[in-house]
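Please examine the structure shown here together with its sequence. The briefing then sets out the fold, the core, the aromatic contacts and selected residues.

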Amino acid sequence: MPAIRFYRLRDTNSPRYKQYRTAIIFENNLQQLSHFIKIHGRYPGKDEDGHLHLWISSQRAKKKNNTLEDIFEQQLDSIGFIWNKSDIPWNRKLDD
C-alpha cells in the first residue's frame, strides 16, 4: 500500500478522508487476520471473533462484486487469503 501522509483532515465527509479511513481500517483488519492465522492456522469463527469473521465475508463479497480495490486484493493474496469458502476443507485435506 502506498504511504499515506498523516495529517489532520477536518472535513470527515471528504472523499480523501474516507479513503484514508478505509485504508487504516483495512490495514488493521489485515494485521488481525494475519496474526490470527499464524496462531491458530485457520480463519476465525463467528463465535471467536465476530467482527473479523464479518470483515472476511465482506472482503469476499466485494471481490465477487468487483468493488474490492486492487491494492487490497493484492494484500489479501499476499497472506494466502482463501477467496472461496468451499476451498478451505479441500486445502486442509491437501495439507494432511
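The points below are grouped by topic.

This is a predicted model, in which local features need pLDDT of at least 70 and side-chain atom pairs count only at pLDDT 80 or more, while totals for chains, interfaces and linings use all residues. Residues are numbered from 1 along each chain as its sequence is written, and side-chain values use heavy atoms, with hydrogens and water left out.

**Overall architecture**

- The protein chain has four helices and zero strands, where helices (H or I, at least four residues) and strands (E, at least two) are DSSP runs numbered from the N terminus.
- Along the sequence, the pattern of the protein chain is α-α-α-α.
- Of the 96 residues in the protein chain, 25% are buried; buried means under 20% relative accessible area, exposed over 50%, and partly exposed in between, with a 1.4 Å probe and protein chains only.
- Among contacts (heavy atoms within 4.5 Å) in the protein chain with a separation of 6 or more, 37% are between residues 24 or more positions apart.

**Nonpolar core**

- In soluble globular proteins, nonpolar side chains tend to be buried together.
- The largest nonpolar core holds 13 residues, and those with the most contacts inside it are Phe26, Leu33, Tyr43, Trp55, Ile56, Leu76 and Phe81.
- Two or more residues of this core come from each of helix H1 (15-40), helix H2 (50-64) and helix H3 (70-78), and H1 gives the largest share, four residues.
- A nonpolar core is defined as a set of buried Ala, Val, Leu, Ile, Met, Phe, Trp, Tyr and Cys residues joined through side-chain atoms within 4.5 Å.

**Helix H1**

- The 26 residues of H1 should span 38 Å at 1.5 Å a residue, and the end C-alpha atoms are 37 Å apart, which agrees; the expected span is 1.5 Å times one less than the number of residues.
- Buried residues of H1 are Ala23, Phe26, Asn29, Leu30, Leu33, Ser34 and Phe36, and their cover includes H2 and H3.
- Glycine 41 follows H1 and has a positive phi, near 75°.

**Aromatic pairs and charges over rings**

- The structure contains five aromatic pairs; rings of Phe, Tyr and Trp (its six-membered ring) pair if their centres lie within 6.5 Å, and planes under 30 degrees apart count as stacked, over 60 as edge-to-face and the rest as tilted.
- Tyrosine 43 and phenylalanine 81 form an edge-to-face pair, with 5.9 Å centre to centre and 85° between the planes.
- This pair links distant parts of the chain, 38 residues apart: tyrosine 43 lies in the loop between H1 and H2, and phenylalanine 81 in the loop between H3 and helix H4 (87-95).
- Tyrosine 43 counts as buried because its relative accessibility is 15%, and phenylalanine 81 is buried because its relative accessible area is 6%.
- Phenylalanine 81 also forms an edge-to-face pair with tryptophan 83, at 4.6 Å centre to centre and 65° between the planes.
- Tryptophan 83 has 21% relative accessibility and therefore counts as partly exposed.
- Beyond four places in sequence, phenylalanine 81 touches Leu33, Tyr43, Ile56, Gln59, Arg60 and Leu76.
- Ring pairs also join Phe26, Trp55 and Phe72 into a cluster.
- The charged end of arginine 60 sits over the ring of tyrosine 43, 5.5 Å from its centre, and that of lysine 63 sits over the ring of tryptophan 83, 4.8 Å from its centre.
- A charge sits over a ring if NZ of Lys or CZ of Arg is within 6 Å of the ring centre and within 35 degrees of the ring normal.

**Buried polar residues**

- Asparagine 29, in helix H1, counts as buried because its relative accessibility is 3%.
- The side chain of asparagine 29 makes a polar contact with the side chain of histidine 51 (3.2 Å); a polar contact is a pair of N or O atoms within 3.5 Å, and within protein one must be able to donate a hydrogen and the other to accept it, with residues adjacent in sequence counting only if both atoms are side-chain atoms.
- Leaving aside neighbours within four places in sequence, asparagine 29 is in contact with His51, Leu52 and Trp55.
- Glutamine 59, in helix H2, is buried because its relative accessible area is 2%.
- With neighbours within four places in sequence set aside, glutamine 59 is in contact with Phe26, Leu68, Leu76, Phe81 and Trp83.
- The C-alpha atoms of glutamine 59 and phenylalanine 26 are separated by 9.7 Å, and these residues are 33 residues apart along the chain.

- Lysine 64 is in helix H2 and counts as exposed because its relative accessibility is 73%.
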